Amino acid sequence: MPSRYVLPMFPYPSGRLHMGHLRVYSIADVLARFERKNRSQPTKRIPRSSSLPNNQRISNLESHSNKVIFPIGFDSFGLPAENAAIERDVAPAEWTKLNMNAMATQLKSMGTSFDWERLVSTCDPSYYRWTQLIFLRMHQQGLVYRKQSIVNWDPVDQTVLANEQVDSEGKAERSGALVEKKKLEQWFIKITEYQNELLNGLDSLNWPTRVKQLQKNWIGRKDGFQISCEIDGQNEDISVFFTNPDAVKMAEYVAIACDHPLIESSAIPCKYRPKLLQTAKNIQNSHFTPVQKAALGCSTGLFSINPVTSRRLPIYLSGAMPSEFGVGATFGGSLLDSKDAAFAKQNGIPPMKENDSIAVDFDLEPFKKTHFRLRDWLISRQRYWGTPVPMIHCSSCGIVPVPEADLPVILPENVKLSGRGGSPLASCSEWVECQCPKCKGPAKRDTDTMDTFIDSSWYWLRYLDPQNDKQICDPSLPAKHLPVTTYIGGVEHAILHLLYARFVGLFLFKSGIAPGSQDSEWKGEPFKLLLAQGMVTGQTVKCKTSGRYFKPEEIEWTGEDVARHAWTKDTHQCFELDAETPIVKATGEVGAISYEKMSKSKYNGVDPSEIIEKYGSDCTRLAILYKAAPTDELIWDERGIIVTATAASEASPQIVDTSKLEKELLFALHTAIKEVTHAMTTTFGFHVAIASLIKLTNHMDALPTSYHSHATFKDALSGLIQMASPFAPQSSQEMWANLHPNEPRTVHEIPWPSVSEAALKSDSHVCVVTVDGRKRGTVQVPRGAEKSSIEEITWDCEEARNWLFDANTGKRVQFGKVIVVKDGAVVNFVTAKKA
Ligand SMILES: [Zn+2]
């Protein structure tokens, strides 16, 4: 049986789990436990030992992985650790370690069954050594290069800022300075080299359509035409790309993007230059909304000659022109597009008249061209807490890669972090100064660190062989265990993380670092199936006029005993309230309820630890999984947790007919097995599965206690506990041990129950056979059968034989009437009245 690989996205070690984590790891754990049960041997036990000698390590991991690989780790590089260092003077490594320990404890308290032996942490040199190796191998193959690129520059702190350090108004979060754009030499990875494969590969993936569409749009293949237009009065041409074949005939102007090289060209007339550069800067600034940007435009003072119509077209910088569209220049025309029309009007560009659009006979075929929106991956970060770029700058040899044998290039400790000045590593001279590997002369280390998306782009491979210190992964393992069977994570990672992981996966496969084998499914796409779990939202109460969020303690909820009337600030009217209406204690106004993504600022967050502490992990898991399908939004409401402690059902006084109960119970059990198995394997409808288990529980709960000692009841109870075990692992095991005190295996090692089609086919029910109102026996009849056939079947009732057949003749008694009651629940034979 091939192994299964259940992989939830690993967390960033922020220090505390949030409800989104609780959801993703609950979903993943249910799947892993289910897959493990499916792979359990009916009798064999595999010992679990964490303290095996090193040479047995892989074989031990492998013996488990014949079943299910279910790893966890930490995406532990990144900005928050650096910020914590600046704010609280704690070393990023120390802060991260504390957080990882705290989160590991929380993950364990959820009752998860991760393979902790596979733990990886991306900030550990034993991990990032291989991140550096991947970078070097890419460099070897010409997939890494340096280029000038624009960064966010804080002019006060003299430092490069990540996008998340720039607020919505374009100001630096820390210094408050208006962020500038600055050009800097940066490292790039040529992801565009793989653009066709990244696009075409999507077809083979079992991923949600919307996620595939997002990837498609991001890669953005555009088929169109590209022609070269002469710039009037210059010895220069401008390439123009367009997808609408009519554009060339109807062009009124050429629109260029804000980073088009023409903007800085000496061809721009002096009087246009200042305004042009300022407009380009404004378009690039992140504090403009897309709509505001689209409205920005400015003439370059240059004209191009349309080679088809010979019309002189003004060249305009346009905020509506995406720089990733083709070559950053296209035709605009008021007859082509309403937005173009608005732009032309706003900038006073003379419109083309209807009869100007001459039907030029022009063959566009030779000008066909395909462009991609995808741009190369800028991986340089002028940050401390990341994987150091393993490159050395030598004044005589140029840029020299660190030899693989010298890896890892370890991040130095005790680097002063202030958030000011250039790259923090540059200040660490004893680290920067090094020897050139080529000429052995003095040289300097590269002081950039890598984008953390690199660290998370290949962790799924390292999990297969996390402690290998000779290789990134034993080359026999990828073919055995890849691709990941089910990858589970938030849809917010739908574009970048998944794209980078796919790209790196293809590279690892092709470069032979993670080879496949002839008959393996592994072809470089890391995640076969993606389960994109929905958001967790919590209830917020806002002020209806100001939109301010209220804290829970500011609110009083109306209930039965609270006044049923309130007033609104805006209309000063009294109105009737629903039973659950939030009233602001201080003012008496009515708050507006909404459900939004949990966040501190909205006071709607919930601490998972508190919930687990209060209700226990099993109950919390069930509440999360039962409330919504994994892919849907989960509205978290603690009031939804009902701790049911059902009292044992009253012993029924009537006589128990066990054969009837048995058939019905088996039917209920196998219906549940069928429904739960289907939900687990095809739809991931865990909420549906739990509903089936509840239905079975209710069925069993209604049975008389005298039946509880019956073997079928015990079997059904075993089945119920087994099916509940992935969802509520701890209580299931407790019940299992009580039910089977002599069973050495835990419930988690017992194979998943299989459906008995026979039990389902016997879709029959019990019919009580009475003669003149007295019960004489029972018989099984098919559900929904015709009255006449039910009557016919009851004649075969063995127990009632003495009453139905004449003892002397052996023939059927002549009854006066035979009444089939309630679809055959009872059939009453009524003796003919003697005259
Ligand atoms: Zn050198």
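This is a predicted model: local features need pLDDT of at least 70, side-chain atom pairs count only at pLDDT 80 or more; totals for chains, interfaces and linings use all residues.
Local features here need pLDDT of at least 70, side-chain atom pairs count only at pLDDT 80 or more, and totals for chains, interfaces and linings use all residues. Residues are numbered from 1 along each chain as its sequence is written, and side-chain values use heavy atoms, with hydrogens and water left out.

Me: How many Å separate the centres of domain 2 and domain 3?
Reply: Domain bounds come from an automatic or database domain assignment. Domain 2 spans 144–201 + 377–451, and domain 3 spans 221–372. Taken over C-alpha atoms, their centres are separated by 35 Å.

Me: What area is buried between domain 2 and domain 3?
Reply: Buried area is the accessible area (1.4 Å probe) that two parts lose on being put together, summed over both. Carbon and sulfur atoms give 55% of it here. The total is about 810 Å².

Me: Which residues of domain 2 lose the most area to domain 3?
Reply: Three residues together make up 44% of what the domain 2 side buries. They are Lys-181, Gln-195 and Leu-199.

Me: How many salt bridges does the rule find across the interface of domain 2 and domain 3?
Reply: A salt bridge needs a side-chain nitrogen of Lys or Arg within 4 Å of a carboxyl oxygen of Asp or Glu. Across this interface the count is zero.

Me: Which element gives the largest share of the side of domain 2 that touches domain 3?
Reply: Helices (H or I, at least four residues) and strands (E, at least two) are DSSP runs, numbered from the N terminus. Strand 7 (180–189) and helix 6 (195–200) each supply at least two residues. The largest share, three residues, comes from helix 6.
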